Amino acid sequence: MNKTIRRASLFTLLLVLALLVRATWVQFYEGRALADDKDNRRNAIETYSAPLGNIIVGGRSVTGSAPTKTGDLRYKRTYTDGELYAAVTGYASQAYAPTQLEGIYTDLLNGTDPRLKSVLDTLTDRRADPGNVVTTIDPDVQRAAYDALGDKKGGAVAVDPKTGRILAVVSTPSYDPSSLTDANTAGAAWKKLTTDPDKPLTNRALRQPLPPGSTFKLVVAAAALEDGLYASVDERTDSPDPYTLPGTSRQLTNENPDAPCTNATIRTALEYSCNNVFAKMAVKLGQDKVRAMAEKFGFNDEEQDVPVRAYPSVYPSDMYPSETALTGIGQFDVTATPLQMAMVSAAIANGGKLVSPHMVAQITDSGGDVLQDYDDEAGTKEILSSSTAEQLQSAMRTVVERGTGTNAQVPGATVGGKTGTAQHGENNSQVPYAWFTSYGKSGGKEVAVAVVVEQSDAARSEVSGNGLAAPVAKAMMQAALKD
């Protein structure tokens with residue numbers, strides 16, 4: 001063999017070896033990445049080759065699967081009462097990444113979760129029958145919140161204080177997830193939803209933190225009582241009216257100039273929502289103590305999973321005293337979601353103990369066998385002493401019985417609450433946010449709720465927590481406490 005042929009043969013052998021090394025690398029090292037690539041069409045074909053598992057509310061599936069008429073995707077997702085449950089289910093789309101529970105439990109619902117596989121499935125590499133997600137949502141409470149919010153832009157959450165079960169998660173305006181399921185029509189629906197100025201895809205219950213206004217006064221009151229700054233909700237405070245913000249000439253006044261807010265007790269200050277009392281209280285406590293109490297309730301938690309990841313509610317740091325004063329009334333840079341403010345009321349209603357909120361009770365295999373029970377895993381933290389919790393419950397009852405929250409009264413039930421009207425825009429130039437958070441108890445049943453109305457058709461002068469948000473909370477509590 002001459003030298004030229006020998007060199008060509010050696011070069012060809014090296015090329016073959018390089019191809020073998022590359023093929024081995026792709027198969028064993030890059031194979032998973034390629035298989036999981038969002039642009040890999042085969043994943044969608046496999047996912048929608050059979051019906052998906054379902055999300056269950058109140059013993060009934062609110063999701064389903066239907067055969068497609070064209071294309072290589074055999075099935076598409078369907079929804080029952082899609083707009084009602086969109087903030088819970090999210091969507092599973094042939095064209096877009098899944099969201100909410102559909103996204104979190106993708107593997108369970110499409111049968112690729114390893115826990116679903118039998119020995120035979122493992123040996124044959126057969127895709128298992130899909131599992132189901134059993135939620136904690138109460139359909140009656142969900143419907144009550146959705147109907148009561150109506151055309152308003154806002155969010156609402158209801159929680160069972162004793163178990164942490166989330167009974168309702170509602171965001172309005174909503175959308176129909178079914179409009180996004182079919183790859184052939186999803187594009188037009190997506191464009192319409194993402195360009196809508198009302199942002200219907202935003203989950204306002206879990207993922208839209210806004211200034212909580214006077215509902216945050218419950219956190220400041222809790223901090224003051226736990227710190228011993230005041231011995232009870234009926235001890236008079238040292239609170240001039242108006243209150244001059246520290247280091248400034250700005251005077252903080254109250255919505256009702258005739259309210260008895262000068263040196264008011266915590267009970268009276270909650271009843272009339274006295275800004276001067278809680279602004280000075282926050283300054284006297286100091287931002288660190290207020291922040292510590294807020295964080296016990298769940299503020300500043302970057303990993304608040306229910307199991308959908310909720311956006312963190314924020315209590316700020318590194319403030320001037322005048323800014324700390326404004327945080328005492330839920331302004332400056334304080335933000336909260338309805339979930340967070342429902343957690344505040346839940347802990348107070350539950351004797352100072354906060355049970356981890358969750359909206360999935362169990363996940364099961366196709367036969368109904370439980371793979372994971374979230375009710376059993378819900379943790380409990382002591383946020384407040386039972387004495388502080390009882391005093392705040394009592395003061396919140398005063399708010400509803402004769403204070404700023406009378407629209408939340410539920411016949412035959414014990415109800416406590418707190419209103420909030422949060423400033424919006426520079427120098428409060430835009431329509432304020434209306435808040436209400438409360439608890440209700442009747443016949444052994446309990447519920448804690450929070451509602452924010454971001455925008456409504458009401459005149460600016462009519463925007464208040466009692467006028468807009470409290471009736472929604474009332475409807476939710478009535479549904480949760482009914483026999």
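Predicted model: local features only at pLDDT ≥ 70, side-chain atom pairs only at ≥ 80, totals over all residues.
Local features were taken at pLDDT of at least 70 and side-chain atom pairs only at pLDDT 80 or more, whereas totals for chains, interfaces and linings use all residues. Residues are numbered from 1 along each chain as its sequence is written, and side-chain values use heavy atoms, with hydrogens and water left out.

Side chains of opposite charge can pair when their charged atoms come close. A salt bridge was defined as a side-chain nitrogen of Lys or Arg within 4 Å of a carboxyl oxygen of Asp or Glu. The search of the whole structure found 17 salt bridges. Three of them are described here, with helices (H or I, at least four residues) and strands (E, at least two) taken as DSSP runs numbered from the N terminus. Accessibility was classed as buried (under 20% relative accessible area), exposed (over 50%) or partly exposed (in between), with a 1.4 Å probe and protein chains only.

Glu46 and Arg127 form a salt bridge at 3.8 Å, N to O. Glu46 belongs to helix H2 (residues 41-47), and Arg127 to the loop between helix H6 (119-124) and strand E5 (132-135), so the pair ties together parts 81 residues apart in sequence. Glu46 is partly exposed, at 42% relative accessible area. Arg127 is buried, at 18%.

Lys153 and Asp198 are joined by a salt bridge at 3.2 Å, N to O. This pair links distant parts of the chain, 45 residues apart. Lys153 sits in strand E6 (residues 153-159); Asp198 is in the loop between helix H8 (186-195) and helix H9 (217-227). Lys153 is buried, with a relative accessibility of 10%. Asp198 is partly exposed, at 33% relative accessible area.

A salt bridge also connects Arg402 and Glu271, at 3.3 Å, N to O. Both residues are helical: Arg402 lies in helix H16 (residues 386-402) and Glu271 in helix H10 (residues 266-272), so parts 131 residues apart in sequence are tied together. Arg402 is exposed, with a relative accessible area of 54%. Glu271 is buried, at 5%.

Strands of a sheet pair through backbone hydrogen bonds, either parallel or antiparallel. Two strands were counted as paired if DSSP found at least two bridges between them. An open sheet of 5 strands runs in the order E2-E1-E5-E13-E14, and its pairing is mixed. Strand E2 (60-61) and strand E14 (370-373) are the edges, each pairing on one side only. Strand E1 (residues 55-57) pairs with E2 in the antiparallel sense over 2 bridges. Ile56 stands opposite Ser61 in E2.
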